[in-house]
Amino acid sequence: MNYRTMGKLGIRASAFGLGCMRFNGAASGDSVIDEEKAVSLIRRAIDGGVNYLDTAYVYLDKTSETVVGKALRDGYREKVTIATKMPMEYVHNREEMEALLESELKKLQTDHIDFYLMHGINREKWEYFKSIGAPEFFEDMKKAGKIRYKCFSFHGPYEEFAYILNDWDWDMVQIQFNFMDVNNQAGLKGLKLAGEKGIPVVIMEGLLGGRLAKAPSNVQALYDAFPEKRSPVEWAFRWLCNHPEVSVVLSGCNEAEQIDDNLRIFSTAAPGIMSPEELALMDSVREAYLSRTKIGCTGCRYCMPCPNGVDIPGLFSAWNNVSLYETNPATDWNLRGIRENGRGADRCVGCGACEAACPQHLPIIESLQRAWKELGIN
Ligand SMILES: NC(=O)c1ccc[n+]([C@@H]2O[C@H](COP(=O)([O-])OP(=O)(O)OC[C@H]3O[C@@H](n4cnc5c(N)ncnc54)[C@H](OP(=O)(O)O)[C@@H]3O)[C@@H](O)[C@H]2O)c1
């Protein structure tokens with residue numbers, strides 16, 4: 001495992017950080033967690049050198065922190081740093097922030113959280129957090145030793161990212177970044193800005209929630225034509241590790257093989273590792289993906305549950321997959337399940353709860369109808 005210095009904090013963190021949001025196939029619509037398996041995956045990653053775990057109050061129907069707490073018994077807590085988050089939706093005043101943090105400490109079975117993040121903020125949410133006194137609360141909790149670092153995770157445009165970053169003395173920031181998102185969200189500009197300020201950057205959605213792990217035929221043709229042979233996952237992670245401003249790359253893993261694969265990849269990938277030819281390859285790969293992608297849904301499930309029962313991430317995943325991998329919608333098992341369980345776009349009433357929650361700011365309502373039509377279900 002390669003370890004990287006976290007900017008001004010000076011801490012050595014494993015380049016691969018385990019994301020605890022997707023255990024047991026949550027990315028593909030199943031949010032019921034197999035606790036025993038999740039504990040074993042977490043411990044496998046730690047045994048392999050991972051010392052950074054990322055969870056959140058809301059992940060996996062609020063069960064992620066509990067399972068992380070169980071995994072960190074038997075001496076594992078001392079081997080890792082934990083990042084978890086405060087969601088805006090659950091706090092309106094100091095008392096609620098205190099109660100929420102206490103419940104997180106209890107679930108995680110620890111007396112302190114290393115990296116405490118305001119969860120998924122943009123400018124509007126940051127203003128809200130300020131209005132309820134969250135910065136003062138974070139400072140006080142830091143002094144009290146209940147959290148070590150005050151941080152935020154971000155979803156929004158670069159301008160808002162720059163504003164938030166410059167507006168307070170942050171210890172760390174978590175952004176969505178991968179070779180497809182160079183000019184999207186905080187993007188490369190945001191990464192560089194944080195780097196200039198010495199603020200460590202943790203990366204989420206490095207594989208776009210798994211979408212970059214399986215290359216469609218036009219992308220695979222580009223990889224095959226390149227002299228160096230690597231898996232799509234390795235190309236994506238090497239591209240990230242090539243950036244010196246990146247401290248930790250989070251990846252959610254559902255299988256022991258994925259953990260082992262990532263442990264191997266992150267023990268070789270380092271800043272400056274990509275040649276000009278390899279960087280040019282990744283530019284071509286980006287164009288090839290864009291030419292076939294229907295919608296930039298990463299399957300994070302922030303939009304769920306839909307009050308009317310639409311399986312939004314499942315439907316968008318099917319829509320992208322049919323286009324990317326040139327498959328027949330009639331034989332798509334995911335789509336069949338959506339149809340059989342009555343969870344299709346025909347149930348959408350346009351209430352917009354999903355669009356308000358989507359960190360990618362996708363036009364979900366309109367896209368659901370397009371997907372439904374293009375997949376030939378109307
Ligand atoms: N704060 C926020 O707003 C926010 C938002 C999103 C994510 N996050 C955090 O960031 C973490 C990472 O994000 P992410 O889960 O989206 O990461 P990701 O690395 O983009 O996607 C994870 C998915 O990639 C696939 N994968 C991972 N390693 C693989 C390998 N070696 N070979 C093949 N496939 C592999 C798996 O897909 P399959 O399941 O299909 O096998 C896995 O579920 C999350 O767990 C969460 O903790 C935070």
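## Two helix pairs

Helix α9 passes helix α12 in a right-handed crossing, where a crossing is right-handed if the near helix is turned clockwise from the far one by less than a right angle, and left-handed if anticlockwise. Helices (H or I, at least four residues) and strands (E, at least two) are DSSP runs, numbered from the N terminus. The model is a predicted one, in which local features need pLDDT of at least 70 and side-chain atom pairs count only at pLDDT 80 or more, while totals for chains, interfaces and linings use all residues. Residues are numbered from 1 along each chain as its sequence is written.

Helix α9 (residues 217-225) and helix α12 (residues 276-290) pack with their axes 9 Å apart and at an angle of about 165°; axes are lines fitted to C-alpha atoms, for helices over the stretch in contact, and angles run from 0 to 180 degrees between N-to-C directions. The two helices are therefore roughly antiparallel, since angles over 145 degrees count as such, under 35 as roughly parallel, 65 to 115 as roughly perpendicular and the rest as oblique. Asn 218, Val 219 and Leu 222 of α9 meet Leu 281, Ser 284, Val 285, Ala 288 and Tyr 289 of α12, contact meaning C-beta atoms, placed from the backbone, within 7 Å.

Helix α13 (residues 312-324) and helix α16 (residues 364-374) cross at roughly 50°, their axes coming within 10 Å, and are therefore oblique to each other. This crossing of α13 and α16 is left-handed, and the contact is made by Ile 312, Leu 315, Phe 316 and Trp 319 of α13 with Ile 364, Leu 368, Ala 371 and Glu 374 of α16.

## The barrel

Eight strands form a closed barrel with parallel pairing, in the order β3-β4-β5-β6-β7-β8-β9-β10, two strands being paired if DSSP finds at least two bridges between them. Neighbouring strands of this sheet are turned by 30° against each other on average, direction ignored. Helix α10 (residues 232-241) packs on the sheet, where α10 touches β9 (201-204) and β10, and its direction makes about 155° with that of β10.

## Around the ligand

The ligand has 31 residues around it, of which Gly 19, Met 21, Met 204, Gly 210 and Gly 252 come nearest; a residue is near if its C-beta atom, placed from the backbone, lies within 6 Å. At least two residues of this shell come from each of β6 (113-121), β10 (246-252) and α11 (256-265).

Definitions and conventions
Contact = placed C-beta atoms within 7 Å.
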